Structure formats: C-alpha cells, structure tokens
Amino acid sequence: MVPGIDGVGRREDGRLVCFVADDELVGPMATRTVIDSRHSVVLPDGADVVKIAAGMNPAMSSWVVLRRRVPIEAGQSVLILGATGNAGQMAVQIAKRLGVGRDQARLAALPWTGADATVALTDDADATAAALAQAASEVDLVIDHLWGRPAGDTIMALLRARADRSRALNWIQIGAIAGPTIELPSVALRSANFRLQGNGQGAVSTRTCLEELPTPVDEIESGGLAFTAKSVPLADVESVWTAPEVRGVRTVLVP
C-alpha cells in the first residue's frame, strides 16, 4: 500500500494542483501518482505548496462540516472536542471565521485562534464533565476529534445540563484519537433532540469536497488560517515516520 488521500502536485503541463485521490487509486505519498483531474483544483502561480499541502487536510474536515454537513448559522456556538490537535486548532479558527484538550500550553494559546473558552480534559472524569457542562451545555454543534470515553462522557454531560433538550444539538464525529468506540445510553437519543453523524470520505461526495477547496486554499495562502508547517524530503520518510512528533507542526513530504 502507498498511503495518502490528498496532496499537491505538478501536472505534466507544469500547473500546480491540489487533489483528492480516488479510493481505488494508489495513494499519492509518492514521487509520481495517478489522479482523476476532475478531483483537483488548479492552484495560483506562486502558491506556497508546503503550506497548502500541510493545511488542506486538517482544514477541510471542519470546513466541509460547517459549510455542507451541518451549515453553521450566524450566532451559533460550536464545541471543538480535541482542540489542541492540528485539526482541532484549525476547527476553532474555521468556526470563528464562518460565524461563530489536554495540552495546557496549547490550550492557553487557543483564545488567540478564536476560542472563547477552553476546558482541559483531565483524568478526573466527573470534574471534566462538570466543567464541560458549565462551559458548553448550550452549544449548537460539536465537532469531535476524539471519540472514545471523552465523547461518551461529554454527550451525557451536555444533555443533562441543557436548559431545553428539544433544541437541536448536532454532534459531528471526525476523528477517533481517544478510541474507536463509545458507550452511550439509549436515553441520550430518546430524551433529547440529539443528532449524531460523521464526516469523511463517503459521508460527503468527492464533488462536494472539491467545490469547497478553493476557499480554504485562499484562506491558507492569505494567512487567514494559522498553523506551522515544515517540509522534509520524501527520501527520508522512513526516519521521519518513526521520529517523535513535534506537537503543533504539520510535516509535508516533498519528492
């Protein structure tokens, strides 16, 4: 298997493109790859390919959620579960621009990216649930990068504290850093207007994702979405893949 689901490449005609690979094609983490040109957008001349390659994947997940999956409305509020990860930090910024963690150092920096309040997920499940209920019981949407026990605990904490449980709470599942499954009492679905759905390839069409690509590209190019990226040679992939991750830094393999 050659991994990868998207990337930035140069076509034979010299034009730069940002593309999404089809499931049945070999992954694009390679010197050369095959793409369906209908699943690509041409980038402007002089585009910062490293920034775009680093930012598109974490940005697109929440961008598509808030634009197409559950479109955000002005004045609504969003809880980002797992906000200290790369995709989570991007989601905070995107939610703010479209209308609305455990790592204490990065949590402290989150208000700079647009977060109005933060809650640290600690080993004390009851205290964490109480803090989440106090801070976020009335949110309209949750973008969940964690799943696992944190998601199950947070769902119940929010629903129990909600003033009007008939008001819709949309929970969008994107990542599963904390575990692939949750334990959720059935009462959560019967006693509240709680809508649980996911976002990823298959949940939305490739065409839908591609229609949204140009605007995040512009946001990344203009510095509207802040993040840190570094490039390393593809030839060094073996050592880079096994090296300790630098938190907050997106690594881009460059042929």
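Which side chains meet in a salt bridge at 3.0 Å, N to O?

1. Arg167 and Glu138 do; a salt bridge here is a side-chain nitrogen of Lys or Arg within 4 Å of a carboxyl oxygen of Asp or Glu. The pair links distant parts of the chain, 29 residues apart: Arg167 sits in the loop between helix H5 (148–161) and S6, and Glu138 in the loop between helix H4 (125–136) and strand S5 (141–144). Helices (H or I, at least four residues) and strands (E, at least two) are DSSP runs, numbered from the N terminus. Arg167 is partly exposed at 29% relative accessibility, as is Glu138 at 33%.

2. On the basis of the model: it is predicted, local features need pLDDT of at least 70, side-chain atom pairs count only at pLDDT 80 or more, and totals for chains, interfaces and linings use all residues. Residues are numbered from 1 along each chain as its sequence is written, and side-chain values use heavy atoms, with hydrogens and water left out.

3. The structure holds nine salt bridges. Glu212 forms one with Arg67, closest N and O atoms 3.1 Å apart, and one with Arg68 at 2.8 Å. Glu212 is buried at 2% relative accessibility, whereas Arg67 is partly exposed at 42% and Arg68 at 36%. (Buried means under 20% relative accessible area, exposed over 50%, partly exposed in between, with a 1.4 Å probe and protein chains only.) Shared partners join Arg67, Arg68, Glu211 and Glu212 into one network.

4. Asn199 lies in the loop between S7 and helix H7 (206–212) and is buried, at 12% relative accessible area. Its side chain reaches the backbone oxygen of Ser61 at 3.0 Å. Beyond neighbours within four places in sequence, Asn199 is in contact (heavy atoms within 4.5 Å) with residues including Val64, Arg69, Ile172 and Val204.

5. There is one aromatic pair. Trp171 and Phe194 are edge-to-face, 6.3 Å centre to centre with 70° between the planes. Trp171 is in strand S6 (residues 169–173) and Phe194 in strand S7 (residues 194–198), so the pair ties together parts 23 residues apart in sequence. Both residues are buried. Rings of Phe, Tyr and Trp (its six-membered ring) pair if their centres lie within 6.5 Å; planes under 30 degrees apart count as stacked, over 60 as edge-to-face and the rest as tilted.

6. Three strands make an open antiparallel sheet, ordered S1-S2-S3; strands pair if DSSP finds at least two bridges between them. The edge strands are S1 (6–10) and S3 (40–42). Five bridges join S1 to S2 (residues 16–20), with Gly7 opposite Phe19.

Key: Polar contact = N/O pair within 3.5 Å; in protein donor to acceptor, adjacent residues only side chain to side chain.
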